[in-house]
Amino acid sequence: MLLSNGYEQASEIELARQARAEDEGAFAEIVRRFSPRVFHVAHRFFRDRGHAEEAAQETFLKAFAQLKSFEGRGSMEGWLTRIATNTCLNMLRSASRRPELLNSDLSDDETEFLETVSSQVGGETLDAEQKVVAVDMAERLLETLSPEDRLALMMIDGEGASVNEVAEVTGWSESKVKVRAFRARKKAREALEKLIGAKRIV
Amino acid sequence: MNHITDILDNTAFNGLTESDLSTIRAHTASCVECAHAFAAAELSSLLLTERVSEAADSTANANPFFQTRVLAAWREQQAGAVWSFRRLWNATGAIVASMAATTAALAVLVFVTPATNTTDQQTASLVPYSAETVVLEQDRGDNQMTNDQVISAIYDDDDEGR
């Protein structure tokens, strides 16, 4: 906290200039000011708190190394969001684990959840226990997708972001975002369709 | 079938218009496959919404010591950069120093030594007889014999033999 004194009023470009000169207080203020945004991006990719923190830390260290490239034309938040997104995508790529979502791998809670939810038609709110199961299943579903498809699906279908917003964060063209979202949506739908179909047959 | 799945895959579930939904509902009333596809798309949307909601909660409850952690990593990185330069210098310093010494020695040999030779040559040209010339001339003088001396030396030996 002491480190941040005197920097709270500083403009983004001023903070960047001071941090470039290895001013720890300025760098601390950047971390303090933009941590919520960077964490928001990291949690979009990583449910695990440890992984999200690792990604956020990596983002700030990379940002410090690339401070020369911040010229103040856009906002620092947007600049950090792009760095965070790329960092998370790279971390997920290196993990490269895409297990198929199989009916036989479902826990009892997940099976029960599927039976309950798929028999109801829209609009119901989930209780706390169902919410936990839903997030577990969502994570398993997302793990079956490529990091890029996962990002597009999370942002557009989960957060309600526009194609343009995803394009801005990732640097992809709008058509690429649309293709990614289409593919991810289709794959997720088909995977869940199999699970629902299997439950109904059983 | 394709028409319904195309609608479902082209748009986020929450972004489906009333027109899309009424088309889908009309079709799924009589098509089990499309009803499954629709239920799966709806479930997918529900799961994602819950996942996003949890992510937002996690963001709000971030580790209060995160800033301290990042700054510690930053300091470590900065110290690492200095340390790695020192290590590099320690490892290669002796080689670099010997290379510098060799270069300096070569420079002395190239630029200073020829100047010294020139001075010697200039000095030598001022002296009428160099030591070398004197010795050579001396040898030449000692070894040179006139024809008479040669003949007398030969015949003197013959006379002594008789």
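**Exercise 1. Describe the make-up of the two chains.**

Chain B has seven helices and zero strands, where helices (H or I, at least four residues) and strands (E, at least two) are DSSP runs numbered from the N terminus. The model is a predicted one, in which local features need pLDDT of at least 70 and side-chain atom pairs count only at pLDDT 80 or more, while totals for chains, interfaces and linings use all residues. Residues are numbered from 1 along each chain as its sequence is written, and chains are lettered from A and ligands numbered from 1 in the order in which they are written.

Step 1: from the N terminus on, the elements of chain B run α-α-α-α-α-α-α. Step 2: in chain A there are nine helices and zero strands, and the C-alpha atoms of this chain fill a box of roughly 65 × 40 × 30 Å along the principal axes. Step 3: a residue is buried if 20 or more other C-beta atoms, placed from the backbone, lie within 10 Å of its own, exposed if 12 or fewer do, and partly exposed in between. By this rule 39% of the 202 residues of chain A count as buried, and 17% of the 162 residues of chain B.

**Exercise 2. Which side of chain B touches chain A, and what is it made of?**

Step 1: two residues are in contact if their C-beta atoms, placed from the backbone, lie within 7 Å, and 37 residues of chain B are in contact with 47 residues of chain A. Step 2: helix 1 (2-10), helix 3 (32-60) and helix 4 (66-111) of chain B each supply at least two residues of the side that touches chain A, and helix 3 of chain B gives the most, with 20 residues. Step 3: Ala, Val, Leu, Ile, Met, Phe, Trp, Tyr, Cys and Pro count as nonpolar, Asp, Glu, Lys and Arg as charged, and the others, Gly among them, as polar. Sorted in this way, the side of chain B that touches chain A has 19 nonpolar, twelve polar and six charged residues.

**Exercise 3. Is A:Glu22 buried or exposed?**

Step 1: A:Glu22 lies in the loop between helix 1 (12-20) and helix 2 (24-45) of chain A. Step 2: A:Glu22 counts as exposed, because it has 11 C-beta neighbours inside 10 Å. Step 3: the phi of A:Glu22 is near 60°, a positive value in a residue other than glycine.
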